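The following exercises are to be worked with the sequence and the coordinates at hand. Each task is followed by a solution in steps.

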Amino acid sequence: DFIENICKLYLKYDYDKKERLTKETEKRYIQRVLKSSNIPFTREPISGKYNEQIKFDFVTDKYVIKVFDFDNKDLTRIISNAKSWAYNAREMKEERKTIFLYDSDILGSEEFEIIKSILSEDAYKVLPVDRGVEYLTA
């Protein structure tokens, strides 16, 4: 089961949508991969510039990581959300590098390209989940 789920994490698009991991299961497996790669991390919120709590999905010594799931979402509404996260990335630049990971079958849609451009402005990396996990554990 573990090996099959790791395959689903890394080879997501080789599986039918119904057979893929849910967003929460995917995060649990990213967590397991980070642990098995001896990468210390936390899922606790960190303080922003104004002492507000920012909830990234994973925080390491070098990186803050946010996983986006765009499947079955109204992308026009997510554009505003992407702007908020891009601002968080800008604030974090002095402390940690921001990596945004995305899970999407809508590559090439106009809204997705807008979101990716917004996130890329201040992020260190914007990658599909599988490539992001490979990057973090390399």
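**Exercise 1. The chain as a whole**

Among the contacts of the protein chain with a separation of 6 or more, 64% are between residues 24 or more positions apart. The model is a predicted one.

Task: State how many helices and strands the protein chain has, and in which pattern they follow one another.

Solution. 
- Step 1. The secondary structure amounts to five helices and seven strands.
- Step 2. Along the sequence, the pattern reads α-α-β-β-β-β-β-α-β-α-β-α.
- Step 3. The chain has 138 residues, of which 46% count as buried.

**Exercise 2. The sheet**

Task: Give the order of the strands in the open sheet, and identify its edge strands.

Solution. 
- Step 1. The open sheet has five strands in the order β1-β4-β5-β6-β7, and the pairing is mixed.
- Step 2. At the edges are β1 (41-42) and β7 (125-128), each of which pairs on one side only.
- Step 3. Helix α5 (residues 129-137) packs on the sheet and touches β5, β6 and β7. The direction of α5 makes about 120 degrees with that of β7.
- Step 4. Strand β4 (residues 58-60) pairs with β5 in the antiparallel sense over two bridges. These two strands form a hairpin, with two residues between them. Within the pairing, valine 59 stands opposite valine 64 in β5.
- Step 5. β5 and β6, by contrast, run parallel and are joined by seven bridges.

**Exercise 3. Strand β5 and lysine 66**

Task: Determine whether lysine 66 is buried or exposed, and describe the strand in which it lies.

Solution. 
- Step 1. Lysine 66 is located in strand β5.
- Step 2. In a regular strand, side chains alternate between the two faces of the sheet.
- Step 3. In β5, Tyr63, Ile65, Val67 and Asp69 lie on one side, with Val64, Lys66 and Phe68 on the other, and all are buried. Both faces of the strand are thus covered, and seven of its seven residues are buried.
- Step 4. The relative accessible area of lysine 66 is 13%. Buried means under 20%, so lysine 66 is buried.
- Step 5. The bridge partner of lysine 66 in β6 is phenylalanine 100. Leaving aside neighbours within four places in sequence, lysine 66 is in contact with Phe56, Asp57, Trp85, Ile99, Phe100 and Leu101.

**Exercise 4. The nonpolar cores**

Task: Find which residues of the largest nonpolar core touch the most other members, and which element gives the most to this core.

Solution. 
- Step 1. The largest nonpolar core has 23 residues; Phe56, Phe70, Phe100, Ile115 and Leu119 touch the most other members.
- Step 2. Two or more residues come from each of β5 (63-69), α3 (75-92), β6 (97-103) and α4 (110-122).
- Step 3. The element that gives the most to this core is α3, with eight residues.
- Step 4. Apart from this core lies another, of 16 residues, including Ile6, Val33, Leu127 and Leu136.
- Step 5. Not counting residues up to four places away in sequence, phenylalanine 56 touches Arg43, Ile46, Val64, Ile65, Lys66, Trp85, Asn88, Met92 and Thr98.

**Exercise 5. Two helices side by side**

Task: Classify the arrangement of α3 and α4 from the angle at which their axes cross.

Solution. 
- Step 1. The axes of α3 and α4 come within 8 Å and cross at roughly 10 degrees.
- Step 2. Angles under 35 degrees count as roughly parallel; α3 and α4 are therefore roughly parallel to each other.
- Step 3. Among the residues of α3 that meet α4 are Ile78, Ile79, Ala82 and Trp85. Those of α4 that meet α3 include Phe112, Ile115, Ile118 and Leu119.

Conventions: Residues numbered from 1 in each chain as written. Predicted model: local features only at pLDDT ≥ 70, side-chain atom pairs only at ≥ 80, totals over all residues. Heavy atoms only, no water. Core = buried A, V, L, I, M, F, W, Y, C linked by side-chain atoms within 4.5 Å. Buried < 20%, exposed > 50% of the residue type's maximum accessible area, 1.4 Å probe, protein only. Helix = DSSP H or I, 4+ residues; strand = E, 2+ residues; numbered from the N terminus. Contact = heavy atoms within 4.5 Å. Pairing = 2+ DSSP bridges. Axes fitted to C-alpha atoms, helices over the stretch in contact; angles between N-to-C directions. Parallel < 35°, antiparallel > 145°, perpendicular 65-115°, else oblique.
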